Amino acid sequence: MTTDVPDSAAQAADPDRQPAPATPARSYIAVQDSAEFAGLRRALRRFIFPMTVAFFLWYALYVLLSAYARGFMGLKIIGNINVALVFGLLQFVSTFAIAWAYSRYADRNIDPTAEKIKADLDAGEAK
Amino acid sequence: MSDFLAAEASNSTARTLTITLFLVFVAITLGITVWASRQTKTATDFYAGGRSFSGFQNGMAIGGDYMSAASFLGIAGLIALYGYDGFLYSIGFLVAWLVALLLVAELLRNSGRYTMADVLAFRMRQRPVRTAAAVSTITVSIFYLLAQMVGAGALVALLLGIRPGTTFLGMDADTAKVATIILVGALMIIYVTVGGMKGTTYVQIVKAFLLMGGALLMTILVLAQYKFNLSSLLGDAAQQSGKGAAFLEPGLRYGVESASASATFYSKMDLLSLGIALVLGTAGLPHILIRFYTVPTAKTARKSVLWAIGIIGTFYLLTLALGFGAAALVGGAAIREQDAAGNTAAPQLAEALGVEFFGGDIGGATLLAIIAAVAFATILAVVAGLTLASSSSLAHDFYANVIKRGEASERQEVRVARIAAFAIGAVAITLSIFAQSLNVAFLVALAFAVAASGNLPTILYSLFWRRFNTSGALWATYSGIVSAVVLVFFSPVVSGSATSMFKTVDFSWFPLSNPGLISIPIGFLAGWLGTILSKENDREKFAELEVRALTGHGAH
């Protein structure tokens with residue numbers, strides 16, 4: 001199945017009679033099953049799923065500590081600045097950092113493949 | 001006596017200035033709206049601003065939609081009165097953006113057109129799923145709208161300094177509240193019906209600049225007062241609050257520890273429940289989701305979320321300084337005297353800073369007026385975004401796809417959207433007038449809980465789960481909405497305690513005031529169960545959805 005080329009469906013459509021026909025669904029299944037698309041999906045999920053779990057656990061830890069570890073959260077670090085405040089600010093830092101990391105990752109590992117598959121599909125439609 | 005007269009004089013100066021500045025904002029935004037209406041020709045213009053906005057513009061507009069009066073006045077007030085616990089809200093509201101960034105924004109932008117339901121119904125039976133999505137969109141938006149409009153009504157008397165027994169333009173405080181709700185409602189209807197998404201987006205951008213500017217100015221003044229020493233600001237805030245070191249630690253407001261073990265247990269559960277709803281609700285808010293359609297590509301959608309995270313994160317850091325600044329410079333007692341919920345902490349801080357830095361009472365009155373006008377601008381922009389989201393869903397999902405089965409023309413659809421905006425506005429005005437006694441923070445938390453329980457499971461399953469189907473979408477959406485609303489109805493928020501809506505009767509059996517901890521898992525479980533109990537599964541449509549979502553092929 002994975003050997004199906006995405007363009008095969010474009011031949012099925014009759015370009016002379018219908019102006020810019022939507023790509024038939026069969027070709028979407030072919031694209032979805034292609035190794036290239038599977039690679040794109042894997043590249044995306046490899047980043048977003050573990051990262052979602054990570055930031056959610058990190059946030060949950062913060063909320064749980066706020067609820068159940070008040071003594072620890074109240075420890076003063078410098079002057080009146082305590083663990084709770086630093087922990088809260090670290091949530092800001094981690095959010096900014098994850099957003100930045102995702103943008104870099106997507107630029108390098110997702111966008112080029114996505115654009116290539118899109119270009120192939122668009123070219124198939126235009127034929 | 002002369003002090004009193006001076007105070008009255010500066011009060012009246014502030015009032016005149018507030019109204020003048022607010023009218024300037026209204027005039028500018030109405031000008032933009034009329035200009036935008038000339039650029040609005042197609043349905044894409046009306047629903048999605050012609051998809052012509054840049055990442056930065058849309059990022060500012062997302063900030064404008066998201067930083068509501070509840071964030072600005074509410075969180076600053078919570079921090080001023082309860083110290084650290086107000087900060088918990090900000091953190092949940094910010095971290096939530098990672099869900100939107102990583103899991104939702106780009107895929108939604110690629111595969112949808114105008115509304116949330118475009119993605120949810122993509123591979124399902126259109127009419128039932130779009131109906132469910134419209135119900136959910138309108139439920140979330142109405143709760144959120146009520147929160148903002150009731151908040152506007154509650155604030156006007158305070159911001160314009162209408163005290164009990166005094167009048168303004170012949171109106172006492174209660175009449176002024178109703179008049180404000182009607183005025184806010186009328187303006188939001190005009191923004192949406194005339195300017196569509198394009199006009200509304202520019203209003204959000206202008207508002208975001210004003211709000212960030214105001215918050216930044218006040219923060220610099222607060223920090224300057226403490227010679228940029230954060231520790232001494234915190235120390236002063238703790239001392240002035242009368243709570244001491246506990247003011248800087250979690251536990252004064254959420255997860256309160258008391259003598260009763262069960263009360264302590266439920267209070268802590270309530271904190272966890274609030275925390276989970278805040279972090280999962282954002283990516284299910286319809287008025288935020290439709291913002292992703294205003295940019296040309298998924299990559300721009302990503303950039304706009306990155307900008308939004310930067311802007312919103314900075315804003316919440318500023319509210320931290322504002323809240324602790326208000327506690328230190330105004331003091332908890334003076335804030336409570338004005339408003340028991342603390343909503344006036346930021347304006348009061350503005351007045352104190354103006355007196356300190358800009359030459360006495362006139363300076364105080366001026367800064368108060370500026371911040372009060374910014375607060376009104378904030379409310380106005382947020383309600384416009386909400387009205388647009390609900391009217392888009394009514395017109396595009398319910399009218400065009402459910403009633404007309406996809407046969408409506410663009411022109412008809414946009415006309416219905418304008419009528420729907422008018423109707424939603426009228427309903428929101430009426431409900432707000434009757435709901436004036438409702439707690440604003442509760443309404444916002446409920447909107448987040450419904451969005452997290454009803455919308456988020458359906459969105460995530462639609463985008464990532466091959467097997468998901470119509471039955472699963474309906475189960476997830478309806479059980480999420482119903483469980484969140486029902487649990488709140490039977491919670492102490494509605495009956496049985498001194499702070500309830502109905503104080504004299506008690507039909508409460510659910511011990512938490514935030515339903516998320518139970519209703520969000522119910523939404524996800526119901527979506528799973530509904531799916532496996534139905535054989536339906538459109539393999540081809542899922543292939544199309546996934547290919548389009550990940551590559552941007554065929555994106556509108």
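Mentor: Let's start at A326(B): leaving aside residues up to four places away in sequence, A326(B) touches A76(B), A80(B), I335(B), A345(B), A346(B), Q348(B) and L349(B). Touching here is being in contact, with C-beta atoms, placed from the backbone, within 7 Å. A word on the model: it is predicted, and local features need pLDDT of at least 70, side-chain atom pairs count only at pLDDT 80 or more, while totals for chains, interfaces and linings use all residues. Residues are numbered from 1 along each chain as its sequence is written, and chains are lettered from A and ligands numbered from 1 in the order in which they are written.

A326(B) belongs to the largest nonpolar core, which has 241 residues; A326(B), L349(B), A375(B) and A447(B) touch the most other members. Such a core is a set of buried Ala, Val, Leu, Ile, Met, Phe, Trp, Tyr and Cys residues joined through C-beta atoms within 7 Å. Helix α15(B) gives this core its largest share, 26 residues.

Among the buried residues of α3(B) are G55(B), M60(B), I62(B) and Y66(B). Their cover includes α8 (173-225), α11 (286-289), α12 (298-329) and α15 (360-403) of chain B. Helix α3 (residues 55-66) should span 16 Å at 1.5 Å a residue, and its end C-alpha atoms are 16 Å apart, which agrees. The expected span is 1.5 Å times one less than the number of residues.

Stepping back, chain B has 20 helices and zero strands. Helices (H or I, at least four residues) and strands (E, at least two) are DSSP runs, numbered from the N terminus. Of the 556 residues of chain B, 63% count as buried. Along its principal axes, the C-alpha trace of chain B spans about 80 × 60 × 45 Å. As for contacts in chain B between residues at least 6 apart in sequence, 79% join residues at least 24 apart.

Finally, chain B has a neighbour: 42 of its residues are in contact with 44 residues of chain A. On the chain A side, α5(A) supplies the largest share, 18 residues.

How values were computed:
Buried ≥ 20, exposed ≤ 12 C-beta atoms within 10 Å, placed from the backbone. Contact = placed C-beta atoms within 7 Å.
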